[in-house]
Amino acid sequence: MKKSKLIKSLIAFAISVAAVIGCISLVACGGGEDNNAVNSVSLNKPTLSLQVDETETLVATTDPAGATVTWSSSDNAKVEVDQTGKVTAKAVTESAVIITAQAGEKKAICSVTVTAKGGSTVTLGGTFSWQGIIDEMANNISGFNPEVPDKTPLKQDYFTGDNAFLTLTAEASSNVIRGKDAAGKNANLKCVEIKEGALSVTFTGTGTLTVSFASTGGSNTSGMAVKNSAGTCLTGTTTATLVDSTDTLNAGFYQVTGTTAVEVTFNITEAGTYTIWGGIYNADSTKPNGVNNARATRIHTVVMVDNGAQA
């Protein structure tokens, strides 16, 4: 019996020794921890500034070296990244897109901004606001009734705020706001009516200028042109009729009949001042120069997109 108890004690002692040796071995080998754990990941660039269609490859460094890195973008529609770290600018960004490199539980980021191809972010220019003109008339004209503004003459003072990109080149009785009149007519008419080169815009770079215009009546015909500083009419994209060179007084103008507005888009290929002309011309011997700008043109919208100075 004593011999049996001794054997059992020896066996228990051997098991305990083995357990201790096992624990010591585990500690010596890292205590069962993942020997492949990533301590850190970093990128060679914390920020990137690209133009549309440009690419750049980011480089990730991990500790320990050689850890697998997974790449992702917070907005793939604007900035893409592949699994080699190659970043591709797809579209102009309003705020930074975040590129993330992840290895294990560790992450590193790069903030990417994208500007327009060949220039700065498209932030210049503007869109004509009829209401903006009305508001400034109310601020500047004593007794002005904004409910019946029709045919109030335009002044440069009224081109502020959203309309600051437009310059009124001439204050004349023919350059007026159109809208509801005292008799309640034209309630839905919201435009300006001009003759000659009454409005101008100045581009600091390339871009587009879009103008929608109409005539002053159902059977009337009016014209519109955009001219550069040399006085040359630009060619645009539109469904309106382009007057050919046989009409020497109106050549280069686009013409429409009726009050339905038609849009023309002009590509601006260099910086400079461009003038918006309105009217339709005919020969008139009673005029000092023998020419009469017989009918004004209604300008409904003007949209200027200026890509800014070239980078």
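The structure holds zero disulfides. This is a predicted model. The protein chain has two helices and 23 strands.

**Chain overview**

- The protein chain has 311 residues, and buried residues make up 39% of them.
- The chain exposes about 16,800 Å². Carbon and sulfur atoms supply 52% of that area.
- Take the contacts between residues at least 6 apart in sequence: 66% of them join residues at least 24 apart.

**Nonpolar cores**

- In soluble globular proteins, nonpolar side chains tend to be buried together.
- The largest nonpolar core here has 37 residues. L209, M224, V226, I276 and I299 have the most contacts inside it.
- I299 touches C191, V192, I194, V211, S212, F213, M224 and I276, leaving out residues up to four places away in sequence. Two of these partners, M224 and I276, are also on the list of residues with the most contacts inside the core.
- A second, separate core has 21 residues. Among them are V41, V52, V87 and A103.

**Aromatic pairs**

- The count comes to three aromatic pairs.
- One of them joins F253 and Y281: the ring centres are 5.9 Å apart and the planes stand at 75 degrees, so the pair is edge-to-face.
- F253 lies in the loop between β18 (241–242) and β19 (254–257), and Y281 lies in strand β21 (residues 272–283). The pair therefore ties together parts that are 28 residues apart in sequence.
- F253 and Y281 are both buried.
- Another pair is Y254 with F266: the ring centres are 6.1 Å apart and the planes stand at 70 degrees, so this pair is edge-to-face.
- Y254 sits in strand β19 and F266 in strand β20 (residues 262–268). This pair links distant parts of the chain, twelve residues apart.
- Y254 and F266 are buried.

**A charge over a ring**

- The charged end of K227 sits over the ring of W277. The distance to the ring centre is 3.9 Å.

**S200**

- S200 is in strand β14 (residues 196–203).
- S200 counts as buried because its relative accessibility is 7%, and the cut-off for buried is under 20%.
- Setting aside residues up to four places away in sequence, S200 touches F165, L166, T167 and T169, along with T273, Y274 and T275.
- T273, Y274 and T275 fall within strand β21, which covers residues 272–283. Y281 of the F253 pair lies in strand β21 too.

**A67**

- A67 is found in the loop between β4 (60–63) and β5 (70–73).
- A67 has a relative accessible area of 24%, so it is partly exposed.
- Leaving aside neighbours within four places in sequence, A67 is in contact with V38, T62 and A103. A103 is one of the residues in the second core.
- A67 and G104 are 37 residues apart in sequence. Their C-alpha atoms are 8.0 Å apart in space.

Methods:
Residues numbered from 1 in each chain as written. Predicted model: local features only at pLDDT ≥ 70, side-chain atom pairs only at ≥ 80, totals over all residues. Heavy atoms only, no water. Helix = DSSP H or I, 4+ residues; strand = E, 2+ residues; numbered from the N terminus. Buried < 20%, exposed > 50% of the residue type's maximum accessible area, 1.4 Å probe, protein only. Contact = heavy atoms within 4.5 Å. Areas by Shrake-Rupley, 256 points an atom, 1.4 Å probe, with all protein chains shown as cover. Phe/Tyr/Trp six-rings, centres within 6.5 Å; stacked < 30°, edge-to-face > 60°. Lys NZ or Arg CZ within 6 Å of the ring centre and 35° of its normal. Disulfide = S-S within 2.5 Å. Core = buried A, V, L, I, M, F, W, Y, C linked by side-chain atoms within 4.5 Å.
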